[in-house]
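Colleague: I have the sequence and the coordinates open. Could you take me through some of the helices, strands and cores?

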Amino acid sequence: MDTTGTTSQSYVKPNKNCNLSSWVAGCEPGWGCSVGSTVDLKKELPEIPSRIDNCQPCCEGFFCPQGLTCMIPCPLGSYCPIGKLNTTTSTCEPYSYQIPAGDPNHACGSADVWSGVVNNSDIFCDPGSYCPTTTRKVACDRGYYCRRGSTRQNSCSMLSSCKANTESPNMHAYAALLIVALSTLLIFIYNCTDQILATREKLKADSRERAAKHVKEIAQARQRWRSAKDSITKKKGLQEQLRSFSRRKSMKQDTTNPAAAASPLPPSDNSSEKKESNLTKMMNSADSDLNSSEGFHLNIGDKNLKNKQPKGKNLHTQSQILRYAYGKIEKEKEQEQSNNLTFSGVISMATNVDEEIKARPAIEVSFKDLTLTLRGKKKHLLRCVTGKLMPCRVSAVMGPSGAGKTTFLSALAGKVRGCTMTGSILINGKHESIHCYQKIIGFVPQDDIVHGNLTVEENLRFSARCRLSADMAKADKVLIIERVIETLGLQAIRDSLVGTVERRGISGGQKKRVNVGLEMVMEPSLLILDEPTTGLDSASSSLLLKALRREAHEGVNICMVLHQPSYTLFRMFDDIIFLAKGGLTAYHGPVKKVEEYFASIGIPVPDRVNPPDHFIDVLEGIVKPSSGVTYQQLPIKWMLHNGYNVPPDMLHVMSENHDPESSSKGEAEGGGEEQSEHHWDSVEIEKDHVDSNFLIVKDLSNRRTPGVFRQYRYYLGRVGKQQLREGKSQAVDYLLLLVAGAILGMLTTANDETFGSLGYTFTVIAVSLLCKIAALRSFSLDKLQYWRESASGISSLAHFMSKDTIDLFNTVIKPVVYLSMFYFFSNPRSSFASNYVILLCLVYSATGMAYILAIYLAPSAAQLCSVLFPVVMTLIASQKRDTTLMKILAKLCYPNYALEAFVVANAERYTGVWLITRCSSLKTNDYNVNEWIMCLVILILYGILFRILAFGCLLITQRK
């Protein structure tokens, strides 16, 4: 008996009964003998008993190996009839053994060998037939199929066909129908996913237009009512004057005519006093209906009317919220347009402020001798910058290229890394970190970092939801969003996609305004903007600056970097900061006094020249003043003008024999010193980045933003919309899986000898590769957006969990898509459910590794690793484990457990006659038939571990 299934031996080792000195007839293949009557086989025997009596051919249903004189029952799934002698070949058919030569009395017996199907398949029930017993073979009926070694026939599925005596069903009809169905579904996904969101957005737009129209009608009626009331009031005053005049005249007549005075006159029929007009009725009804939220409420200062007005917390439906928001905006417009009010009207309007509207917390930023030095190069980026940024004022930072304008704003916002900072920054006069007020500080980066696959309104709404106070009513949040859209002039494009590189959206200037709006909707107290007007025309720049000035009127401290403003735009600022080369201050003060100051030091503005352009040219060294002042001397003059201390190494700049180019050469040559410290400085810079990511400070902003789970809900909605808009990419992913499943299923049909291990090896590689490349998009496409959101205080955990949750849909669907082709083309013995569960765990683990690659590596490197890792790891897992190193490497590769689970799930269906084949195959690959569940658990644990590592990478990797 061949117990290994890997050798060609068909006999056992020499034993007591069959050896060189004893070779009875029962030692021949297909024959057996019995023991003596004195031996009790029911008891345990210490040694092999003597079995040489009554030797006969092996009985039907048993097999007798060569060199072993006993009969062994054939296993289920085998067919062991009595062999028939072929006189031509002297073999006993259907077996392959021969009778002993020269022994005519030796007849054929039953089977002689039970081994693996690779070496000998004589006793296996033939394919196309089934063997209910080891002595009976039945042909498979039509509509059924019978595999090799079957004990019963299996019915074909509804969409497959099976002829008589067939081994496997014909799945061509099923495959064709499935391909048509899935292709139709993919076409629908490819073309119609955008329409779902577009229809929803259209319904919202219609509701919004109805609310806006309703509010405008009320505003027009209010205006007509006010005009009518004024005219009636004037008319009544005129009537009173006429009545008093006629009364005085009649009194004079009465004194001259006593008879007329003695006779009383009948009362006059005054229709104006008895019957009210329609306009008067409308006014009285509006005044009396205090519960109506659509009334006019013209009586400014009437506390009863003001208390009866609807509050944001009492509004629930979308139409009520929109009417509330648009009504507030219309009233604000009227108040802004009322420039010809009397003093009493202004006072009454000022007192008609809702009690629940609170002023924003004031943030005053003062800095003294602020100096930034680049580590490793000893180069000053900023030096001796002193000044103050005040609330309710708009400040601009200007200067030539390389003067450190962006660095200055980054230093104020606490975003500078890799530099040594000296001096002091005070917040509201206290030594506190700017990060303590992170929730009420807005920072607009120079690049337009906006989600391109979201609309303008969706970008603004998400920022407002996550960064405004959690206690604020929904209606008030909608009011803030609508106010920002109205202020920035984004009404016409609010439902338009921002756009990406592949998909065109709004214009660059509009995107710049959306970039600013993301910070305005969170109602900051300090707003820092890095070149917000770059790329904008004069009209858009003016509109943006007007919106910022309105924010300043509400108590916001605004500071921005500016390039080449027009004179009109320049005069709209309150304060200006001019930085010279080297990060030195040339001027810091009111805009109104900047020309006066520069004129006092010999730099007047020529006629018909824009003052800011002229000052920039002077600081750049392009224009040399006639007074002989150089651009290197301007910071020194400003220090002397304000009484600041001048660094000793800068005193030589004021000398008359100073060469203007000598300082710049010295500064350029100073960066090459101490190269040996470069590596240590790089380590320090990386440490700064890690420390900034895990910085924990006390929150002094007095704003409680939504928690992690609430932000997680907001993220789910946003990521879901993004996935729907990327439906075409999803359709392509599914199509690739379909094609891969069909090709691999046809090329690697299930093999009974290896239990389909080759096809499963290709499956693990293909599925891991395709799913990893698709999962890279989850985190590699919006890195910049995440860095901006995390820097503003939005939860990184909510961001990661929402991405992973939405990707679970693909994790569940993609195994079905692949198996719909692979399973029915390869036709393995394992069930569809077991294959699906294994692929589900495999995809979950593979996507977790893809998250790490997408977060930690650049997109190109991540794609390369996503292709390389599945191939290498799967090949390692499928190699022979001859050495300890190979065993360790195989155990560390997650594809090893997927391959083992696939093979074990298939091997469990091979019983009876297949046991030797199964044991041989599992032993060769070091698999255990009882470890199927453990393999699934390990794959899930790998997926969880990969996600934990990916989240750690998300926290420590930030934009440098």
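Colleague: Which residues of α12 are buried?

Modeller: This is a predicted model. In its helix α12, the buried residues are Ser-540, Ser-541, Leu-544, Leu-545, Ala-547, Leu-548, Glu-551 and Ala-552. They lie on the same side of α12, because the arc they cover around the axis is only 155°.

Colleague: Why would residues spaced like that point the same way?

Modeller: An α-helix has 3.6 residues a turn, so residues three or four places apart point the same way.

Colleague: And which exposed residues are on the face turned away from the buried side of α12?

Modeller: That face carries Ser-538, Ala-539, Lys-546 and His-553, which are exposed.

Colleague: What do the buried residues of α12 pack against?

Modeller: Their partners are the strands β13 (394-398), β16 (526-529) and β17 (557-561), together with the helices α10 (474-487), α11 (508-520) and α13 (567-571).

Colleague: How far apart are the end C-alpha atoms of α12, and what span should its residues give?

Modeller: The end C-alpha atoms are 22 Å apart. Helix α12 has 16 residues (538-553), which at 1.5 Å a residue should span 22 Å, so the two values agree. After the helix comes Gly-555, with a positive phi near 100°.

Colleague: On to α15. How many of its residues are buried?

Modeller: Seven of the ten residues of α15 (residues 611-620) are buried, so the helix is mostly covered. The buried ones are Pro-611, Pro-612, His-614, Phe-615, Ile-616, Val-618 and Leu-619. They pack against the strands β13, β18 (575-580) and β19 (584-590) and the helices α13, α14 (594-600) and α16 (634-642).

Colleague: What follows just after α15?

Modeller: Gly-621 does, and its phi is positive, about 90°.

Colleague: Changing topic: what is the strand order in the open sheet of three strands?

Modeller: The order is β12-β11-β14, and the pairing is antiparallel. The edges are β12 (379-389) and β14 (419-427); each has a single partner strand, so one side of each has no neighbour in the sheet. From one strand to the next, the twist averages 5°.

Colleague: How many bridges join β11 and β12?

Modeller: Seven bridges join β12 to β11 (residues 365-374), in the antiparallel sense. Within that pair, Val-365 is opposite Leu-389 of β12. Helix α8 (residues 405-412) packs on the sheet and touches β11, β12 and β14, and its direction is at about 120° to that of β11.

Colleague: Which residues touch the most other members of the largest nonpolar core?

Modeller: Ile-123, Tyr-818 and Tyr-894 do, in a core of 87 residues. Helix α24 (residues 832-856) gives the most to this core, with 14 residues.

Colleague: Last one: where is Arg-465, and what is it in contact with?

Modeller: Arg-465 lies in helix α9 (residues 456-467). Apart from neighbours within four places in sequence, Arg-465 contacts Lys-477, Pro-706 and Tyr-714. Arg-465 and Tyr-714 are 249 residues apart in sequence, and their C-alpha atoms are 7.6 Å apart in space. Arg-465 is partly exposed, with a relative accessible area of 32%.

Note on methods:
Residues are numbered from 1 along each chain as its sequence is written. This is a predicted model: local features need pLDDT of at least 70, side-chain atom pairs count only at pLDDT 80 or more; totals for chains, interfaces and linings use all residues. Side-chain values use heavy atoms; hydrogens and water are left out. Helices (H or I, at least four residues) and strands (E, at least two) are DSSP runs, numbered from the N terminus. The expected span of a helix is 1.5 Å times one less than its number of residues. Buried means under 20% relative accessible area, exposed over 50%, partly exposed in between (1.4 Å probe, protein chains only). The arc is that of the directions from the helix axis to the C-beta atoms. Contact means heavy atoms within 4.5 Å. Two strands pair if DSSP finds at least two bridges between them. Axes are lines fitted to C-alpha atoms, for helices over the stretch in contact, and angles run from 0 to 180 degrees between N-to-C directions. A nonpolar core is a set of buried Ala, Val, Leu, Ile, Met, Phe, Trp, Tyr and Cys residues joined through side-chain atoms within 4.5 Å.
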